[in-house]
Amino acid sequence: MKRVAVIGAGMTKFRRRMLETGREMSFEASRMAMDSAGMEIKDVESVVLGTAPDAFDGVHMKGEYLMDGAGGTNRPYSRVYVGGGTGVFVPVAGWWHVASGQFDTCLVVGEEKMSPLHPHPQYAFWSIFDHTTERPLGVTLLWIFSLEMRRYMHVHKVREEDIALVSVKNKGNALDHPCAQLPARITVDDVMKSEPICLPVKRLDVSPTSDGAAAVMLASEDVARKYTDDPVWIDGVGWNVDTQYWTNRDLYYPRYVEEAARMAYKMAKIDNPKKQIDFAEVYDPFDYKELHHMEGVLLADKGEAPKLTREGVTQRDGDLPINPSGGLLGVGNPIAAAGVMKVCELYWQLKGEAGKRQVKKEVDRGLAQAWGDLLQVGTVITMKR
Amino acid sequence: MMAPLERLTSVESLRSWTDQIPFHYEYTAGVAGERFLRGFKDGRILASACEECGKRYVPPKMYCTDCFVEIRKYEEVGPAATVAALAESYVDFEGKALARPRTFAFVTFKGATGGLIHYASGKGLGVGSAVAPRFREKGKRTGTVLDIEEFVVR
């Protein structure tokens with residue numbers, strides 16, 4: 001199996017509505033990743049693109065529609081899709097391409113344009129629910145998140161105020177991200193008093209819907225060393241899917257995320273993630289999900305993540321910075337692009353190129369994780385200098 | 001165990017209901033699309049032209065798919081066009097007969113890659129016919145592909 005390096009990264013701004021089409025956003029992110037690597041299109045041997053439901057962009061067979069903007073024309077090109085987990089699954093699929101020895105380079109692109117869908121992208125989420133037992137109730141995705149958040153709070157006796165700290169931190173971190181959609185200096189009180197959507201979920205507990213694209217360039221070791229003396233390596237990948245019946249698993253803990261993390265850790269020979277992972281970009285479409293996922297990837301014991309957050313451990317200058325980018329809560333949540341944005345952040349942090357977002361401590365290894373499908377997929381990648 | 005064909009003889013005997021997924025969309029034309037549609041308002045068909053390889057795209061793209069660089073240059077093509085293929089439709093979306101058959105053509109422009117699918121008519125219309133767009137009156141154009149009423153044999 002070949003070693004796989006990340007040698008370039010790029011992303012568009014994340015915004016509520018972009019003039020650019022999905023193809024055009026894909027082009028902008030792809031071109032930036034290629035420029036960052038010092039590559040031209042002739043150097044790209046394969047392309048993998050990730051994008052979530054066709055219903056968002058309103059274009060069926062969206063993978064084909066987006067292809068030429070991602071440099072896929074006349075190349076081995078494929079689209080992968082595991083719902084919200086797609087953004088970290090795309091680089092995993094890109095890794096297959098290069099690790100297998102089949103290709104020396106692979107351009108990895110995540111795109112989402114959610115703004116075309118009206119009345120609201122919620123309607124696309126509504127139709128993922130069971131048409132016999134759930135849809136007649138008018139269920140929204142927020143209901144499910146609220147049930148999961150309440151279950152997590154109940155099992156570990158977590159206070160809403162501690163969960164709100166995640167939103168305060170991530171929106172604050174995003175103030176230093178040039179692509180961010182919702183950076184803000186807010187307080188726990190602001191979160192607590194924000195509009196109730198489906199309690200316990202309130203407006204400031206939730207990431208926005210967004211348009212955007214992000215891309216990274218992967219290369220085999222031989223090729224990577226021609227472009228850079230300082231590649232960043234993908235040393236672990238993992239993915240796992242639990243039952244699609246969200247009623248048939250305990251919502252307080254994402255065991256599928258744990259399985260995905262364990263798979264990546266085994267590959268990366270990580271036996272003590274708390275010590276061997278220096279920072280992480282875990283999936284935070286809601287503030288409690290950051291805590292849920294810190295525990296799922298074993299960076300915190302069950303129920304410990306709120307305490308670490310309260311103690312400042314997860315701040316950019318803390319011992320275990322979590323979502324130094326600003327995460328989905330601050331940078332925005334164009335589904336598949338948001339996960340790739342996290343992988344871009346690992347690259348920039350490990351290269352020391354994160355600018356004002358650079359975490360204070362020396363970092364050698366980072367983890368990115370996404371989550372999705374019908375609330376039951378975990379995707380994990382670890383990257384190392 | 002019943003054979004598969006015996007399992008269901010009447011849909012009415014089942015508990016079933018209808019539902020719909022209520023989506024509607026508001027699309028953006030994009031960077032190149034804005035230029036293209038604004039061109040229609042002026043009665044012009046625009047191509048984007050790659051400054052590296054010279055390739056001209058109709059409809060315009062904001063990037064060259066060959067060179068994979070951004071395209072900022074736009075040039076007018078036509079109005080002369082050539083019919084590359086034709087199709088005659090006799091029924092609508094739902095299979096209902098049209099009042100009169102509608103002819104669609106794929107037309108190409110000299111010096112450009114790609115082309116447009118649009119309505120077409122005229123005496124002797126066929127593959128290879130020389131055609132030109134007939135635009136709506138200037139005040140009635142709204143910046144959509146329907147600002148061209150059809151392509152007509154010259």
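How do the axes of helix H10 and helix H12 of chain A cross, and within what distance do they come? Before I answer, some housekeeping. This is a predicted model, where local features need pLDDT of at least 70, side-chain atom pairs count only at pLDDT 80 or more, and totals for chains, interfaces and linings use all residues. Residues are numbered from 1 along each chain as its sequence is written, chains are lettered from A and ligands numbered from 1 in the order written, and side-chain values use heavy atoms, leaving out hydrogens and water.

Okay, the answer. H10 (residues 255–268) and H12 (residues 287–296) of chain A have axes, meaning lines fitted to C-alpha atoms over the stretch in contact, that come within 8 Å and cross at roughly 45°. On the H10(A) side, the contact (heavy atoms within 4.5 Å) is made by Tyr256(A), Val257(A), Glu258(A) and Ala261(A). Facing them from H12(A) are Lys289(A), His293(A) and Gly296(A).

Now over to H6, residues 141–156 of chain A. Its 16 residues reach 23 Å from first C-alpha to last, close to the 22 Å expected at 1.5 Å a residue. Buried residues there (under 20% relative accessible area, 1.4 Å probe, protein chains only) include Leu141(A), Phe145(A) and Tyr152(A). Just after H6(A), Lys157(A) takes a positive phi of about 55°.

Last stop, H1(A). Among its buried residues are Gly22(A), Phe27(A) and Met34(A).

Methods. Buried < 20%, exposed > 50% of the residue type's maximum accessible area, 1.4 Å probe, protein only. Helix = DSSP H or I, 4+ residues; strand = E, 2+ residues; numbered from the N terminus. Axes fitted to C-alpha atoms, helices over the stretch in contact; angles between N-to-C directions. Expected span 1.5 Å × (residues − 1).
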